[in-house]
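Let's take a friendly walk through this fold together. Have the sequence and the model at hand as you read.

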Amino acid sequence: MGHVVRAVRAGEWERLKELRLAALADPVAPVAFNETYEGAVAQPDAFWQRRAAGGSALTFVGEAADGSWGGMAVVVIEGDADIPQTQVVGVYVRPEHRGTGLARELCEAAVRWSWDLVEPVVERVRLWVHEENLRAEAFYRALGFVATGLTLADPKKPGAVDREMALTRRQ
């Protein structure tokens with residue numbers, strides 16, 4: 001099953017909303033996302049329209065030959081970081097598209113976009129992986145991300161943490 005990986009267009013906010021809600025309804029959502037289904041579904045249309053419009057965040061989708069969206073990855077420019085960096089968030093592939101290589105294609109598109117930015121010139125791409133999401137951690141390692149040792153408390157589960165992983169620009 002081939003996909004075309006591309007950025008979401010502003011007018012596609014309803015499709016973006018549907019895909020994000022599908023991600024948040026997935027059984028792995030508690031260890032994959034900090035946002036909840038209940039919180040996302042309560043957002044007004046203007047919220048989804050802003051998300052689709054981009055700006056300092058860009059959503060990539062994998063579009064199948066039939067026009068359906070098999071997955072997504074979001075990359076955010078972090079303007080307040082000590083070093084110029086982006087963060088990959090919201091990576092999701094629908095169950096029927098898993099195992100096709102789409103997750104890799106989406107993440108590679110997010111990283112490529114990061115490296116292609118002119119302002120800021122990004123030095124590092126990072127992401128956070130829940131300590132219980134070992135499959136995702138192994139996937140990101142295979143893409144070249146390495147654990148930095150930095151952790152954040154999981155806001156949804158006391159005592160659990162998310163681990164930072166990063167990919168540094170090669171000179």
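Is arginine 20 buried or exposed? Arginine 20 is buried, with a relative accessible area of 7%; buried means under 20% relative accessible area, exposed over 50%, and partly exposed in between, using a 1.4 Å probe and protein chains only. A word on the source: this is a predicted model, in which local features need pLDDT of at least 70 and side-chain atom pairs count only at pLDDT 80 or more, while totals for chains, interfaces and linings use all residues. Residues are numbered from 1 along each chain as its sequence is written, and side-chain values use heavy atoms, with hydrogens and water left out.

Arginine 20 belongs to helix H1. Leaving aside residues up to four places away in sequence, arginine 20 touches Phe33, Glu35, Trp48, Arg51, Met72 and Gly90. Contact here means heavy atoms within 4.5 Å. Helices (H or I, at least four residues) and strands (E, at least two) are DSSP runs, numbered from the N terminus.

**The sheet**

Seven strands make up an open sheet of mixed pairing, in the order S1-S2-S3-S4-S5-S7-S6. At the edges are strand S1 (3-7) and strand S6 (146-153), each of which pairs on one side only. From one strand to the next, the twist averages 25 degrees. Two strands pair if DSSP finds at least two bridges between them. The table sets out two of the pairings.

| Strand pair | Bridges | Direction | A facing pair |
|---|---|---|---|
| S2 and S3 | seven | antiparallel | glutamate 63 and tryptophan 69 |
| S3 and S4 | seven | antiparallel | glycine 71 and valine 93 |

S2 and S3 form a hairpin with four residues between them, and glycine 67 in the turn has a positive phi of about 90 degrees. S3 is mostly covered, with eight of its ten residues buried. Helix H1 (residues 13-25) lies across S2, S3 and strand S4 (85-93), running at about 95 degrees to S3. Axes are lines fitted to C-alpha atoms, for helices over the stretch in contact, and angles run from 0 to 180 degrees between N-to-C directions.

**Helix H4**

In helix H4 (residues 45-53), Phe47, Trp48 and Ala52 are buried. They lie on the same side of H4 because they cover an arc of only 130 degrees around the axis, taken from the directions from the helix axis to the C-beta atoms. These buried residues of H4 pack against H1 and helix H3 (37-41). On the face turned away from the buried side, H4 carries the exposed residues Arg50 and Ala53. Glycine 54 follows H4 and has a positive phi, near 85 degrees.

**Helices H5 and H6**

Helix H5 (residues 102-116) packs with helix H6 (residues 134-142) at an angle of about 55 degrees, their axes 11 Å apart. H5 and H6 are therefore oblique to each other: angles under 35 degrees count as roughly parallel, over 145 as roughly antiparallel, 65 to 115 as roughly perpendicular and the rest as oblique. The contact is made by Ala103, Arg104 and Cys107 of H5 and Phe139, Tyr140 and Ala142 of H6.
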